[in-house]
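These are my notes for a colleague coming to the structure for the first time. They are set out as numbered points.

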Amino acid sequence: MSFDISQLILHKENFLSKDECNKLIEYFENNKNNSIKEHCPEAKTGIDTWSTFDVISIPYGAEEFSIVTKALEKMINLYHEYTDKFNMFHKLRKQNMLFSHKIRLMKYEKGAKIHAHSDHGPYIYGSCTFNLNDDYEGGEFVFFRDKYKYKLKKGDALIFPADHYWVHEVKPITKGFRYSTNCFLQSVPDSVRIKLWEGENILMRDYKFIEEDGIMYNIKGEKNGT
């Protein structure tokens with residue numbers, strides 16, 4: 001029997017209440033002067049590319065932080081219950097979504113989008129998005145170069161795995177504004193992840209080949225990202 005990889009995307013409608021969505025939108029607008037841009041490699045070229053939406057982080061202790069983290073915990077548990085039903089996957093996968101990355105709010109204005117990318121990084125195994133409004137046009141959430149599209153409504157949640165196979169993007173907004181919140185799901189706390197990543201970079205920089213490691217393969221196109 002064949003398996004459709006899109007079944008690992010879990011979409012829950014009306015997951016956040018209208019009041020919760022409005023409160024998060026209001027928080028963004030009240031703190032938009034602190035917004036920044038983000039960047040990550042474009043999926044096809046591997047070139048580090050800046051996104052065009054605005055993003056802010058919600059600090060620990062804020063009421064809005066609690067809204068998002070409670071929703072994340074509930075959504076993560078629903079995802080584990082959902083994937084348990086396939087009876088296909090390793091039980092220990094549940095240890096890979098124990099901690100959240102910083103809690104972020106995004107605003108996409110007309111023309112804003114995010115290029116095709118993945119949320120993969122060291123110790124990051126999942127990604128969860130909550131859509132906060134639907135009074136806009138464009139802005140579809142798309143996987144695998146237009147193979148699967150989601151037009152998310154206000155309060156909808158979307159959770160899916162995070163590695164380099166899970167290429168996704170948000171199409172340009174053609175009218176209005178799109179607000180959302182997104183968080184990466186990790187196996188270790190963020191402060192630990194950063195230290196481990198830094199240590200990994202040092203170890204790889206100083207690495208000298210040893211026979212026990214086997215060999216490093218010459219992968220075509222790896223050098224130029226093609």
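1. The structure is a predicted model. The points below should be read with that in mind.

2. Helix α1, length. Helix α1 runs over residues 18-30 and has 13 residues.

3. Helix α1, sides. Which residues of α1 are buried? They are Cys-21, Leu-24, Ile-25, Tyr-27 and Phe-28. These residues lie on the same side of α1, because they cover an arc of only 155° around the axis. An α-helix has 3.6 residues a turn, so residues three or four places apart point the same way. On the face turned away from the buried side, α1 carries the exposed residues Lys-18, Asp-19 and Asn-30.

4. The largest nonpolar core. This core has 49 residues, and Ile-58, Phe-130 and Phe-143 touch the most other members. Two or more residues each come from α1, β4, α2, β6, β8, β10 (141-143), β12 (157-161) and β15. Helix α2 gives the largest share, eight residues. In soluble globular proteins, nonpolar side chains tend to be buried together.

5. Ile-58. What does Ile-58 contact, leaving aside its neighbours within four places in sequence? The contacts are Leu-24, Tyr-27, Glu-64, Phe-65, Val-68, Ile-103 and Leu-105. Among them, Leu-24 and Tyr-27 are also buried residues of α1.

6. Thr-69. This threonine lies in helix α2. Thr-69 counts as partly exposed because its relative accessibility is 24%, and the range for that label runs between 20% and 50%. The side chain of Thr-69 reaches the backbone oxygen of Ser-66 at 3.2 Å. Thr-69 and Ser-100 are 31 residues apart in sequence, while their C-alpha atoms are 8.2 Å apart in space.

7. Thr-129. Not counting residues up to four places away in sequence, Thr-129 touches Phe-141, Asp-156, Ala-157, Leu-158, Arg-178, Ser-180, Thr-181 and Asn-182.

8. Aromatic pairs. The structure holds 18 aromatic pairs. One of these joins Tyr-60 and Phe-65, with ring centres 5.5 Å apart and planes at 75°, so the pair is edge-to-face. Tyr-60 is exposed, at 76% relative accessibility, whereas Phe-65 is buried, with a relative accessible area of 17%. Tyr-82 and Phe-86 also form an edge-to-face pair, because their planes are at 90° and the label applies over 60 degrees; the ring centres are 5.3 Å apart. Tyr-82 counts as partly exposed, at 24% relative accessibility.

9. Aromatic cluster. Phe-141, Phe-143, Phe-144, Tyr-148, Tyr-150, Phe-160 and Trp-166 form one aromatic cluster. Two of its residues have come up already: Phe-141 is touched by Thr-129, and Phe-143 is named with Ile-58 and Phe-130 as touching the most other members of the largest nonpolar core.

Definitions and conventions. Residues numbered from 1 in each chain as written. Predicted model: local features only at pLDDT ≥ 70, side-chain atom pairs only at ≥ 80, totals over all residues. Heavy atoms only, no water. Helix = DSSP H or I, 4+ residues; strand = E, 2+ residues; numbered from the N terminus. Expected span 1.5 Å × (residues − 1). Buried < 20%, exposed > 50% of the residue type's maximum accessible area, 1.4 Å probe, protein only. Arc of directions from axis to C-beta. Polar contact = N/O pair within 3.5 Å; in protein donor to acceptor, adjacent residues only side chain to side chain. Core = buried A, V, L, I, M, F, W, Y, C linked by side-chain atoms within 4.5 Å. Contact = heavy atoms within 4.5 Å. Phe/Tyr/Trp six-rings, centres within 6.5 Å; stacked < 30°, edge-to-face > 60°.
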